[in-house]
Amino acid sequence: MNKLRLTIFDKYVFKQVLGATFVCLFLFIIVWIAPETLVRTIKRILIEHMPFVQGMKMLLYEIPKVLAKAIPVGILLGSLFTFDTLSKNSELSIFRGVGLSFNRIMAPVIVLGVILAYCCYVVNDKFIPYASAKAGESGGFDVHFVYIIKDKNETPKQALIVSNFSVKTIKNLILLNFSPNRYADAQMFNSIIFAPYALKKDDMWLMKESKEYRINRNGIYTEIKEVGDYPILNEKLSDEVFQLMKNATRRDRSYTNKQLGDYVKLLKKQEYTDEHNFMLTKYYQRFLHPLTCVIFAAIGCLLGFSPPRSQRLVGFTIGVGMIFAYYITLPFFDLLAQKGVLPPFIAAAFPIIVFIAAIFVIKKARDL
């Protein structure tokens, strides 16, 4: 029980690493935001006449997105800088001389890593989706949404195209009705229905003011008639397609964990394989990414431990290289999962596994 007792040493190391981590967090956020986001905001204020208050709000909404990346970086550089300083001042030698193992010396830093891991989890789950919503990333879109309606035999029966939609409106709908006959290995249309807008009902979509264009086997319009209200997508399918449409252009960061999990289930049900694999990888990363705070905390301590006269540049170079390698390879593993090369969980967990292995390699190389 004595090994778990909080000591003056624990408070000292914890405060030193916490202070260095906050400095690194602040610098990382400034460096990340300043080159592009800040300049873009200033241009919108000066050239596009955006109100100054709104411009500042848009700038603030960018901070949570950067913070999720900055927290692991901050704890790695903060612990590395602190332990490098303790090494250069021979304080680590004194700690070990009074009987403290290196694992015991790292204990308060690991505790700080656990705290920051929880903070990172909350930022991804709560603050980033909130900031994304405020920044308008989940608003209306002027893009095409296409959904293929199939029969019981999985044969395409209709193709629904929506040209403009938002959370509340569905505009410019085109419904292509496939012909049951096939010609030259191609499936033709027997009619096209157009509606300027549609209403989302509890159990259907109702296309309003619809017109139907009848087409013969030669692809020529034979008749145009008014059909008025035209119901499509009955029962549960209407809700599922509406959710797919709303989420079609949303970025993964705009979802809470629950929303992302529900969207992943919907993609699987609708057999959107590539999108399902990609979003499932992002879902796993929501829980695995915060673990990097604990892992990077340990790596920072190990890289910072060195003889008093050794060069500190080596540890910082390795640390920055590991940070760069982690963030630059994430899109690569996302792509491997999306294309089915790797299972989503393996793609999400692989960088974590590599860094855990790096802890043992560095610890053995430093003879700790």
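How many bridges join strand E1 (residues 145-150) to E2, and do the two run parallel or antiparallel? In this predicted model, six bridges join the two strands, and E1 and E2 run antiparallel.

## The E1–E2 hairpin

Strands E1 and E2 form a hairpin in which five residues lie between them. Within the turn, Glu154 has a positive phi of about 65°. Across the pair, Val146 stands opposite Ile161, a residue of E2.

Strand E2 spans residues 156-165, and seven of its ten residues are buried, so E2 is largely enclosed by the rest of the structure. Buried here refers to a relative accessible area under 20%.

## The cavity and its lining

Rolling a probe the size of a water molecule over the atoms shows where empty space is left. When the whole structure is searched, one cavity of 30 Å³ or more is found, and the space in the largest cavity comes to about 40 Å³. Helix H7 (273-288), helix H9 (313-338) and helix H10 (344-365) are the elements that each give two or more residues to the lining of this largest cavity. Of these helices, H10 provides the largest share of the lining, with three residues.

The residues that line the largest cavity are Gln285, Leu288, His289, Tyr326, Leu330, Ala348, Pro351 and Ile352. Sorted by class, this lining consists of six nonpolar and two polar residues, while no charged residue takes part in the lining.

Note on methods:
Residues are numbered from 1 along each chain as its sequence is written. This is a predicted model: local features need pLDDT of at least 70, side-chain atom pairs count only at pLDDT 80 or more; totals for chains, interfaces and linings use all residues. Side-chain values use heavy atoms; hydrogens and water are left out. On a 1 Å grid over the protein atoms alone, a cavity is a set of points where a 1.4 Å probe fits but cannot get out, and a pocket is an open set with protein on both sides within 12 Å along at least five of seven lines; lining residues have an atom within 4 Å of a point. Grid points are joined across faces, edges and corners, and a volume is the space filled by probe spheres set on the points. Helices (H or I, at least four residues) and strands (E, at least two) are DSSP runs, numbered from the N terminus. Ala, Val, Leu, Ile, Met, Phe, Trp, Tyr, Cys and Pro count as nonpolar, Asp, Glu, Lys and Arg as charged, and the others, Gly among them, as polar. Buried means under 20% relative accessible area, exposed over 50%, partly exposed in between (1.4 Å probe, protein chains only). Two strands pair if DSSP finds at least two bridges between them.
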